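Student: I am new to this structure. Can we work through it in short steps?

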Amino acid sequence: MLNKITLGLALGVSAVSAAAQTTSDIKANPGNSAYVQDGRGIIARSPFGLCWRTGYWTPADAVPGCDGELTPPVAKPTAPAVAPPPVAQAPAAPVAPKRCDFAVTLSSDETFAFNKAVLSGAAKKRIDSDVVSRLTSCAKVDIVLVTGHTDRLGSQAYNQRLSEKRADAVAAYLKSKGVGANIDTLGAGKTQSIKACNDKLPRKQLIECLAPNRRVVIEVRGLAK
């Protein structure tokens, strides 16, 4: 019975060896091989190219070509790196339009005489150079605000009316110079003094001291060209 098994195994190996001729030959380990091999030391393989192992085979007995991939591995193409989604760009902040804002205060010899609302020659010259000429650099004038002021001498009611007349005098002059923008006038009376003087001064000197308060402020708001 043993002889028949041995013969069958030999025949099986022979058949495998014959079939293995169509596959690549793999040499067994000459020292100690755990694979079935023929007389040449070539490992027997199945028709499908699988190596025949003996019953005492362990992973430590593995040889290249029998275990793992039977053919040289095909190089795996490297997938291109996935590009990150584009970062959403924040919308550019709108550029603020250039402004054509300025203010001019009639001071020194440009102020009004005591108890008067008549523009001096110096005041007209200042308005021409610093207001009318600068308005030409504005693409659009939203408003021209003219505020009149008085000194503290006299009643509040009287000074209120006087400050309004001074503002009106400047507005009228601007219109006479061709300023077509909207002009608003305002009287501040004696509420916004910028110069304080000693009441003990002689009246003439007191009036001269308080002259800076008898002023007009011209404010322009608009867009530049």
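Student: How many disulfides does a search of the whole structure find?
Tutor: This is a predicted model. Two cysteine sulfur atoms count as a disulfide when they lie within 2.5 Å. Cys100 and Cys138 pass, with their sulfur atoms 1.7 Å apart. Cys197 and Cys209 pass too, at 1.8 Å. The search of the whole structure gives a count of two.

Student: How many residues apart in sequence are the parts tied together by Cys100 and Cys138?
Tutor: Cys100 sits in the loop between helix H1 and strand E1, and Cys138 sits in strand E2, so their link ties together parts separated in sequence by 38 residues.  Both cysteines are buried. The link is left-handed, and the angle about its S-S bond is -60 degrees. The separation asked for is 38 residues.

Student: Which helix holds Cys209?
Tutor: Cys209 is joined to Cys197 by a disulfide. Cys197 lies in the loop between strand E3 and the helix in question, so the pair ties together parts 12 residues apart in sequence. That helix spans 203–209, and its name is H4.

Student: Which strands and helix are included in what covers the buried residues of H2?
Tutor: The buried residues of H2 are Ala123, Ile127, Val131, Val132 and Leu135. Their cover includes helix H3 and strands E1, E2 and E4.

Definitions and conventions:
Residues are numbered from 1 along each chain as its sequence is written. This is a predicted model: local features need pLDDT of at least 70, side-chain atom pairs count only at pLDDT 80 or more; totals for chains, interfaces and linings use all residues. Side-chain values use heavy atoms; hydrogens and water are left out. Buried means under 20% relative accessible area, exposed over 50%, partly exposed in between (1.4 Å probe, protein chains only). Helices (H or I, at least four residues) and strands (E, at least two) are DSSP runs, numbered from the N terminus. Contact means heavy atoms within 4.5 Å.
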